Amino acid sequence: MIEAFHKAISTGNQNTYKFALGRAVIEEFGNDRIIPLIALAGRFADYYFKNHQEFKLRETNNPSQDPTATLILRKLIKYRYGDRIPPKRMPKKFREDFAEKIVNPPSGWGHSVFTYVLPCWQGAAMNTRGYYEYPRSGSNDFFEFSIDDGLIILTNDFVATLDHHKSTLLSMVILEWARFMEKFNHTPNLISKLSPKKPYRRISKFRSIFKETPALKIGLCHLCKQPLLKADFTLDHMIPFDYVYTDDLWNLVPAHRKCNSKKGARVGSDRMIRKLIERNNVLWDLRGSAAQKWIQSSAESANGLESNIILVANAAKKAGFEKVTDQEINSYS
Ligand SMILES: [Zn+2]
């Protein structure tokens with residue numbers, strides 16, 4: 001059964017629906033072997049929202065062939081938010097609406113995700129004329145499905161395997177998902193971004209390093225250059241956390257709470273990046289400090305770190321993270 005699952009997930013027609021379905025079944029399986037499509041669609045909504053909205057991942061190498069789930073998401077965001085920046089966390093009502101449309105897209109919005117992925121999850125059957133067939137009900141080694149009844153029913157074998165090997169199956173899905181996505185997403189920590197496990201954060205550790213190290217200048221906001229009181233002190237990721245997906249001292253700067261939230265998940269201005277590089281150069285030579293240890297652990301030389309920062313900042317912009325301007329931040333304080 002584990003082999004069959006691996007084969008289903010790693011061969012045949014590859015697309016993100018397949019991985020989303022594999023993961024959704026694993027995550028929804030619990031009390032019942034009958035799983036409504038709307039419950040699976042809720043999971044799809046989570047994955048596609050996060051990938052698109054938080055990480056700006058591409059779901060296919062051909063943007064004119066975005067999967068229907070992404071097209072629905074784009075439309076919903078446009079209707080709901082217009083030109084405003086949508087929230088990073090998906091509102092509950094939005095999630096319900098999105099899930100509903102994944103099961104049943106309005107006419108003209110494309111085919112339902114499930115009419116496609118359920119029949120071909122374990123390889124689509126071909127008819128005598130050589131076309132793939134997508135029946136509205138059927139079965140495979142893992143589940144029976146009925147699109148008209150809006151549910152899938154897991155097979156006894158699959159239920160038994162899920163009972164004992166949930167995390168193994170989940171790891172397979174994440175690995176194959178990342179293998180597929182890395183062909184057209186050049187982004188750091190892709191596996192972590194796709195995986196349900198949150199990355200290990202160490203930002204609180206850095207807060208104390210900042211307070212102990214005068215060269216880190218916690219008295220000045222790196223974003224607006226104005227004095228910063230301790231009570232208002234936050235750490236901003238110069239290149240957004242959602243892109244680098246790790247907390248590193250070379251990327252952290254002191255900032256007013258307001259400036260930090262105004263900047264949001266955007267890359268710092270050229271001036272801010274330049275100041276960050278100068279700051280890191282100072283830390284690089286700060287003998288015997290914890291700050292030096294952290295800075296020197298991130299590159300082979302100060303020059304190497306500088307070129308990495310420029311490279312990563314440009315890559316983040318290319319991936320779709322906007323750049324903030326000095327004017328925007330200054331007009332705020
Ligand atoms: Zn500020």
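Me: What sort of model is it, and how are the residues numbered?
Reply: The model is predicted, so to speak of a local feature a pLDDT of at least 70 is needed, side-chain atom pairs count only at pLDDT 80 or more, and totals for chains, interfaces and linings use all residues. Residues are numbered from 1 along each chain as its sequence is written.

Me: OK, how many helices and strands are there in the protein?
Reply: The protein has 15 helices and eight strands, where helices (H or I, at least four residues) and strands (E, at least two) are DSSP runs numbered from the N terminus. The C-alpha trace spans about 70 × 40 × 40 Å along its principal axes.

Me: And what share of the residues is buried?
Reply: Buried residues make up 33% of the 333 residues; a residue is buried if 20 or more other C-beta atoms lie within 10 Å of its own, exposed if 12 or fewer, and partly exposed in between, with C-beta atoms placed from the backbone.

Me: Let's look at the open sheet: which strands form it, and in what order?
Reply: Four strands form it in the order E1-E6-E5-E4, with antiparallel pairing, and two strands pair if DSSP finds at least two bridges between them.

Me: Which strands stand at the edges?
Reply: Strands E1 and E4 (137–139) do, and each has a single partner strand, so one side of each is left without a neighbour in the sheet. On average, neighbouring strands of this sheet are turned by 15 degrees against each other, direction ignored; axes are lines fitted to C-alpha atoms, for helices over the stretch in contact, and angles run from 0 to 180 degrees between N-to-C directions.

Me: How many bridges join E5 to E6?
Reply: Four bridges join strand E5 (residues 143–146) to E6, and the two run antiparallel, with Phe 143 standing opposite Leu 154 in E6. E5 and E6 form a hairpin with four residues between them, and Gly 150 in the turn has a positive phi of about 70 degrees. On the E1 side, strand E1 (residues 34–36) pairs with E6 in the antiparallel sense over three bridges, and the bridge partner of Pro 36 in E6 is Leu 151.

Me: What about strand E8, how many of its residues are buried?
Reply: Five of the five residues of strand E8 (residues 252–256) are buried, so E8 is largely enclosed by the rest of the structure. Leu 252, Pro 254 and His 256 point one way from E8, and Val 253 and Ala 255 the other way. E7 pairs with E8 in the antiparallel sense over five bridges, and Leu 235 stands opposite Pro 254 in E8.

Me: Switching to helices, at what angle do H12 and H14 pack?
Reply: Helix H12 (residues 270–284) and helix H14 (residues 302–319) pack at about 155 degrees, with their axes 10 Å apart. That makes H12 roughly antiparallel to H14, as angles under 35 degrees count as roughly parallel, over 145 as roughly antiparallel, 65 to 115 as roughly perpendicular and the rest as oblique.

Me: Which residues meet there?
Reply: Ile 273, Leu 276, Ile 277, Asn 280, Asn 281 and Trp 284 in H12 meet Ala 302, Leu 305, Glu 306, Ile 309 and Ala 313 in H14, where contact requires C-beta atoms, placed from the backbone, to lie within 7 Å.

Me: And where do H2 and H6 stand relative to each other, at what angle?
Reply: The axes of helix H2 (residues 16–28) and helix H6 (residues 113–120) come within 10 Å and cross at roughly 80 degrees, and H2 and H6 are therefore roughly perpendicular to each other. Tyr 17, Lys 18 and Leu 21 of H2 make the contact with Val 113, Tyr 116 and Val 117 of H6.

Me: Last topic: where is Lys 56, and what is its phi?
Reply: Lys 56 is in the loop between helix H3 (37–54) and helix H4 (68–81), and has a positive phi of about 55 degrees although it is not a glycine. Lys 56 counts as partly exposed, with 17 C-beta neighbours inside 10 Å.

Me: Where does Lys 217 lie?
Reply: Lys 217 lies in the loop between helix H9 (203–212) and strand E7 (233–237); its phi is positive, about 45 degrees, although Lys 217 is not a glycine.

Notes:
Two residues are in contact if their C-beta atoms, placed from the backbone, lie within 7 Å.
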